[in-house]
Amino acid sequence: MRHVVMAVCVMSMLAGCAPKEVAERIVNVYTSRHYAQDDALYAQFTKQTGIRVNVIKGEGPELLERLVREKNSPSADAYMTADAGMLHRAKSAGVLAPLDEDTVRHVPDRWRDRDRHWVAVTKRARVIVYNKARVSAQEAPQTYEALTEAKWRNRVLIRSSGNVYNQSLAASFLALWGEEKTKQWASGIVTNMARPPKGGDRDQAKAVIAGEGDVAVMNTYYLGQMLNSTDEQERLVAQQLGIVWPNQETTGTHVNVSGIGIVKGAQHATEAQQLIAFLTGDEAQRQFAATNYEYPIVPDVAPSELLRSWGTFREQTVGASVIGENNAAATKLLIETGWK
Ligand SMILES: [Fe+2]
């Protein structure tokens with residue numbers, strides 16, 4: 001393209017065409033992250049590097065299908081999605097290329113793919129919340145397993161088995177507990193559901209406060225978003241919720257990631273590497289925590305004030321690669337228990 005434009009300029013030199021830099025630096029990102037805060041980070045990246053970020057948003061599976069269709073001539077340079085399971089599916093579909101070691105060296109091993117096909121950019125914990133008006137802190141379930149006890153019959157709110165956050169939760173249990181116990185757990189949850197699953201994590205929290213159930217499972221950043229929402233109703237709901245960091249005495253709280261990889265055959269792979277270095281760099285890591293209430297994946301970046309106010313917690317030690325690899329088995333298992 002550059003040659004063509006230059007040639008046109010040479011030909012029209014006499015007509016006063018001043019030669020100029022025409023090759024725009026760009027990186028095309030397919031992303032399933034739906035947070036406005038990401039756009040502010042892209043704008044900062046452009047300011048720092050001059051590289052424009054062209055963002056194409058969609059659902060994780062839909063964007064992955066597109067990557068597969070475009071395999072021979074990819075129009076995306078990077079694929080970003082909000083779950084280890086989806087990242088693993090992209091790797092298995094053969095649409096990602098390994099990242100340079102230099103780009104990901106500062107990220108702990110457990111937060112990147114073992115073959116460097118993707119790297120995490122943020123962490124999120126999946127916790128238990130309860131209605132403080134109806135459940136005391138002492139009474140609240142302290143473990144994921146406790147949600148299956150008879151006392152919580154018809155009181156548990158959780159979204160569908162089609163949701164990748166729940167698939168990853170079950171995938172982590174497969175790694176920690178094995179198949180039989182994971183299946184028992186999932187059946188126990190189905191038995192205790194307050195209603196057939198519907199809506200997202202925030203809807204479960206709202207249903208808890210509306211009295212449809214008493215406890216729910218949700219990702220921490222949704223709680224942060226609700227506490228800081230411009231919608232007063234959302235703030236009120238979040239303020240009435242208590243949080244439990246499950247399994248602190250045993251296997252730790254489930255942690256999932258958002259992550260990014262470079263598309264195989266990408267035309268702007270260099271720019272994509274630069275973007276990934278930026279997103280996993282200290283400044284972007286601080287901002288993910290401060291504005292979207294996600295946990296940094298880089299150990300020397302401290303979480304934001306709200307996250308610190310929730311205290312420190314013990315994480316599961318299951319790596320993001322394993323969560324991804326167990327996704328298919330976990331999904332099958334959840335469906336078999338009748339989890340809608
Ligand atoms: Fe989400």
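**View 1. Contacts of Val 29 in the predicted model**. Leaving aside neighbours within four places in sequence, Val 29 is in contact with Tyr 42, Val 53, Asn 54, Val 55, Ile 56, Ala 78, Met 80 and Leu 275. Val 29 belongs to strand 1, which covers residues 26–31. Its relative accessible area is 0%. Because buried means under 20%, Val 29 counts as buried. Ala 76 is 47 residues away from Val 29 along the chain, yet the C-alpha atoms of Val 29 and Ala 76 are separated by 5.8 Å.

**View 2. Arg 116 and its positive phi**. Most residues other than glycine have a negative phi. The phi of Arg 116, in contrast, is positive, near 60°. Arg 116 sits in the loop that runs between helix 5 (101–104) and strand 5 (119–131).

**View 3. Helix 9, a mostly covered helix**. Helix 9 spans residues 220–227, and seven of its eight residues are buried. Which residues of helix 9 are buried? They are Thr 220, Tyr 221, Tyr 222, Leu 223, Gly 224, Gln 225 and Met 226.

**View 4. The packing of helix 7 and helix 15**. Two packed helices are described by the angle between their axes and the distance between the axes. For helix 7 (residues 179–192) and helix 15 (residues 327–336), the angle is about 45° and the axes are 9 Å apart. The two helices are therefore oblique to each other. The crossing of helix 7 and helix 15 is right-handed. On the helix 7 side, the residues that meet helix 15 are Glu 179, Thr 182, Lys 183 and Ala 186. On the helix 15 side they are Leu 333, Leu 334 and Glu 336. By class, this contact has three nonpolar, one polar and three charged residues.

**View 5. Domain 1 and domain 2**. The domain assignment gives domain 1 as 2–123 + 258–309. Domain 2 is given as 124–254 + 320–336. Taken over C-alpha atoms, the centres of domain 1 and domain 2 are separated by 30 Å. How many residues of each domain are in contact with the other? In domain 1 there are 24 such residues, and in domain 2 there are 21.

Conventions: Residues numbered from 1 in each chain as written. Predicted model: local features only at pLDDT ≥ 70, side-chain atom pairs only at ≥ 80, totals over all residues. Heavy atoms only, no water. Axes fitted to C-alpha atoms, helices over the stretch in contact; angles between N-to-C directions. Helix = DSSP H or I, 4+ residues; strand = E, 2+ residues; numbered from the N terminus. Parallel < 35°, antiparallel > 145°, perpendicular 65-115°, else oblique. Left-handed = near helix turned anticlockwise from the far one by under 90°. Contact = heavy atoms within 4.5 Å. Nonpolar A, V, L, I, M, F, W, Y, C, P; charged D, E, K, R; others polar. Buried < 20%, exposed > 50% of the residue type's maximum accessible area, 1.4 Å probe, protein only. Domains from an automatic or database assignment.
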